[in-house]
Amino acid sequence: MSDNRQGRAILWAMTIIFVVCVAVVMWAETRGNPHLLAFGADSSINMEGKESRFGILASSLYAVVTTAASCGR
């Protein structure tokens, strides 16, 4: 009963998936919108739907955390 290997394996898998999701969302949010760039608009930073007092990276982290924790957004 004291074997915790399966629990640790699940925790590590969830942690790796979470870190990858945070990295992908932060990367995607800082890239801008290529469709708007084609029209000549300055969309190097997409602030639509972001909390301006926190910025893009913190808003991206918040989005992933609320999705991972299923606490709504």
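Reader: Does R5 count as buried or exposed?
Author: This is a predicted model, so local features need pLDDT of at least 70, side-chain atom pairs count only at pLDDT 80 or more, and totals for chains, interfaces and linings use all residues. Residues are numbered from 1 along each chain as its sequence is written, and side-chain values use heavy atoms, with hydrogens and water left out. Buried means under 20% relative accessible area, exposed over 50%, and partly exposed in between (1.4 Å probe, protein chains only). The relative accessibility of R5 is 61%, so R5 counts as exposed.

Reader: Which residue meets R5 in a salt bridge?
Author: Side chains of opposite charge can pair when their charged atoms come close. A salt bridge needs a side-chain nitrogen of Lys or Arg within 4 Å of a carboxyl oxygen of Asp or Glu. The whole structure holds one salt bridge. At 3.0 Å, N to O, the side chain of R5 meets that of D3.

Reader: What pattern does the protein follow along the sequence?
Author: Helices (H or I, at least four residues) and strands (E, at least two) are DSSP runs, numbered from the N terminus. The protein has three helices and zero strands. Read along the sequence, the pattern is α-α-α.

Reader: Which element has the lowest mean pLDDT?
Author: pLDDT is the predictor's confidence in each residue, from 0 to 100. The protein averages 83, and 86% of the residues score at least 70. Helix α1 (residues 5–31) has the highest mean, 92. The lowest mean, 77, belongs to residues 34–38, helix α2.

Reader: How far apart are the end C-alpha atoms of α1?
Author: The expected span of a helix is 1.5 Å times one less than its number of residues. α1 has 27 residues and should therefore span 39 Å. The model agrees, with its end C-alpha atoms apart by 39 Å.

Reader: What is the phi of the residue that follows α1?
Author: The residue after α1 is G32. Its phi is positive, near 85°.

Reader: How many of the 73 residues count as buried, as a percentage?
Author: Burial can be located in α3, where the buried residues are G55, I56, S59, S60, A63, V64 and T66. What covers them includes α1. Over the 73 residues of the protein, the buried percentage is 15%.

Reader: Which residues does S59 touch, beyond those up to four places away in sequence?
Author: S59 is found in helix α3 (residues 55–69). Its relative accessible area is 9%, so S59 is buried. Contact means heavy atoms within 4.5 Å. Leaving out residues up to four places away, S59 touches K50, E51 and F54.

Reader: What separates the C-alpha atoms of I17 and A68?
Author: I17 lies in helix α1. With a relative accessible area of 54%, I17 is exposed. I17 and A68 are 51 residues apart along the chain, and their C-alpha atoms are separated by 9.7 Å.

Reader: What part of the contacts with a separation of 6 or more joins residues 24 or more positions apart?
Author: The count covers contacts in the protein with a separation of 6 or more. Residues 24 or more positions apart account for 49%.
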